[in-house]
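Subject: The two-chain model, with notes

Hi,

Here is the structure I promised to hand over. Please open it first, then read my notes alongside it.

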Protein chains: 2
Amino acid sequence: MDRFAQTPEPPYFAVIFSNQHSDQLAEYEQVARRMLELATTMDGFLGVESTRDASGFGITVSYWRDEEAIAAWKSHAEHAVARLRGRTEWYKNFHLRVAKVERAYSLANAETGARKLL
Amino acid sequence: MDRFAQTPEPPYFAVIFSNQHSDQLAEYEQVARRMLELATTMDGFLGVESTRDASGFGITVSYWRDEEAIAAWKSHAEHAVARLRGRTEWYKNFHLRVAKVERAYSLANAETGARKLL
């Protein structure tokens, strides 16, 4: 499975969600899967990248067409219930940042840099 | 250790680096530590958040005061050498996105949402 989001040319938006799991993770996995499934049905959802280490520190970045798409997702009723459980049960702490992606590249189109270094 | 970056009020910039490790990781850890050490000495560096799962999929988000600070870090000679090794040895693939953070909050100042849900 490719874990990279195949996003369009910028500009678009990123929601950067860094978080530390608590020890109360009942139903977390199934709700997280359901949220991902729901998010992909939202108009303006562009993709997501997510990872977490063994200590429970995770970063999830979701990508959205515009602020309106982010607002619609935030106000989705089922997502609102899940967020409340996140705040009260599953996360010891989190930071959430909304950012406008201005430029992007991948390994395939990175400057090689070789010439610079000679 | 607090894994969260203590960033100032937006606006500021985020460099979102999602990556998949290759199987050639010689010297990766020591160079990564050195890059972190170097980055923290750069003018305009605001913090970093990073995590990686057991499959080698990682996300590192570094935070910067402005585009000039990002450009200065990108052109740092030792960092340029490390980036070349990243492209040719340590990473099977990566995506790098530069984004302007417009708003941010943490668990401590998240809306509780409780009222909304009643």
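One definition comes first: two residues are in contact when heavy atoms lie within 4.5 Å. Keep in mind too that this is a predicted model.

**Helix α2 of chain B**

Start with helix α2 of chain B, residues 67-74. Which of its residues are buried? They are Ala69(B), Ile70(B) and Trp73(B). These residues cover an arc of only 100 degrees around the axis, so they sit on the same side of α2(B).

What covers them? From chain B, the cover includes β1 (12-21), α1 (28-39), β3 (57-64), α3 (77-90) and β4 (91-106). Chain A takes part as well, with its own β4 (91-106).

**How the two chains are related**

Two copies of a chain are related by a rotation about an axis and a shift along it. Here the rotation is 180 degrees and the shift along the axis is 0.0 Å. Chain A then superposes on chain B with an RMSD of 0.0 Å. That is the relation of a two-fold axis. The same surface serves both copies, and 100% of the contact residues of chain A recur in chain B.

**Where the chains meet**

How many residues are in contact between the chains? On chain A there are 53, and they touch 53 residues of chain B. Together the two chains bury about 4,600 Å² between them. Carbon and sulfur atoms hold 58% of that area. In chain A, the residues that lose the most area to chain B are Phe4(A), Arg97(A) and Leu107(A). Together they make up 16% of what that side buries.

**Salt bridges between the chains**

Side chains of opposite charge can pair when their charged atoms come close. The structure holds 18 salt bridges over all chains. The count between chain A and chain B is 6.

Look at Asp53(A) and Arg3(B). Their side chains meet in a salt bridge, at 2.8 Å from N to O. Asp53(A) lies in the loop between β2 (45-52) and β3 (57-64) of chain A, while Arg3(B) lies in the segment before β1 of chain B, so the pair joins two chains. Is Asp53(A) buried or exposed? It counts as buried, because its relative accessibility is 17% and the cut-off is under 20%.

Another pair is Glu67(A) with Arg103(B). Their side chains also meet in a salt bridge, at 2.5 Å from N to O.

**Salt bridges within a chain**

Now turn to Glu78(B) and Arg34(B). They form a salt bridge, and the closest N and O atoms are 2.7 Å apart. Glu78(B) belongs to helix α3 of chain B and Arg34(B) to helix α1 of chain B, so the pair ties together parts that are 44 residues apart in sequence. Glu78(B) is partly exposed, at 32% relative accessibility. Arg34(B) is partly exposed too, at 32%.

Arg65(B) forms a salt bridge with Asp66(B). Their closest N and O atoms are 3.2 Å apart. Arg65(B) is partly exposed, with 40% relative accessibility.

In chain A, salt bridges that share partners join Glu27(A), Arg85(A) and Glu89(A) into one network.

**Helix α3, in both chains**

Helix α3 of chain A runs over residues 77-90 and has 14 residues. From its first C-alpha to its last it reaches 19 Å. That is close to the 20 Å expected at 1.5 Å a residue.

Its buried residues are His79(A), Ala80(A), Ala82(A), Arg83(A), Gly86(A), Arg87(A) and Trp90(A). Seen down the axis, they fall within an arc of 165 degrees, so they line one face of α3(A). On the other side of α3(A), Ala77(A) and Thr88(A) are exposed.

In chain B, His79(B) lies in helix α3. His79(B) is buried, with a relative accessible area of 11%. What is His79(B) in contact with, leaving aside its neighbours within four places in sequence? Its partners are Met35(B), Trp73(B) and Lys74(B).

Leu84(B) is also placed in helix α3 of chain B. It is partly exposed, with a relative accessible area of 23%. Leu84(B) and Ile16(B) are 68 residues apart along the chain, and their C-alpha atoms are separated by 18 Å.

Best wishes

Key: Residues numbered from 1 in each chain as written. Chains lettered and ligands numbered in written order. Predicted model: local features only at pLDDT ≥ 70, side-chain atom pairs only at ≥ 80, totals over all residues. Heavy atoms only, no water. Buried < 20%, exposed > 50% of the residue type's maximum accessible area, 1.4 Å probe, protein only. Helix = DSSP H or I, 4+ residues; strand = E, 2+ residues; numbered from the N terminus. Arc of directions from axis to C-beta. Least-squares fit on C-alpha atoms with pLDDT ≥ 70 in both. Expected span 1.5 Å × (residues − 1). Buried area = accessible area lost by both parts, 1.4 Å probe. Salt bridge = Lys/Arg side-chain N within 4 Å of Asp/Glu carboxyl O.
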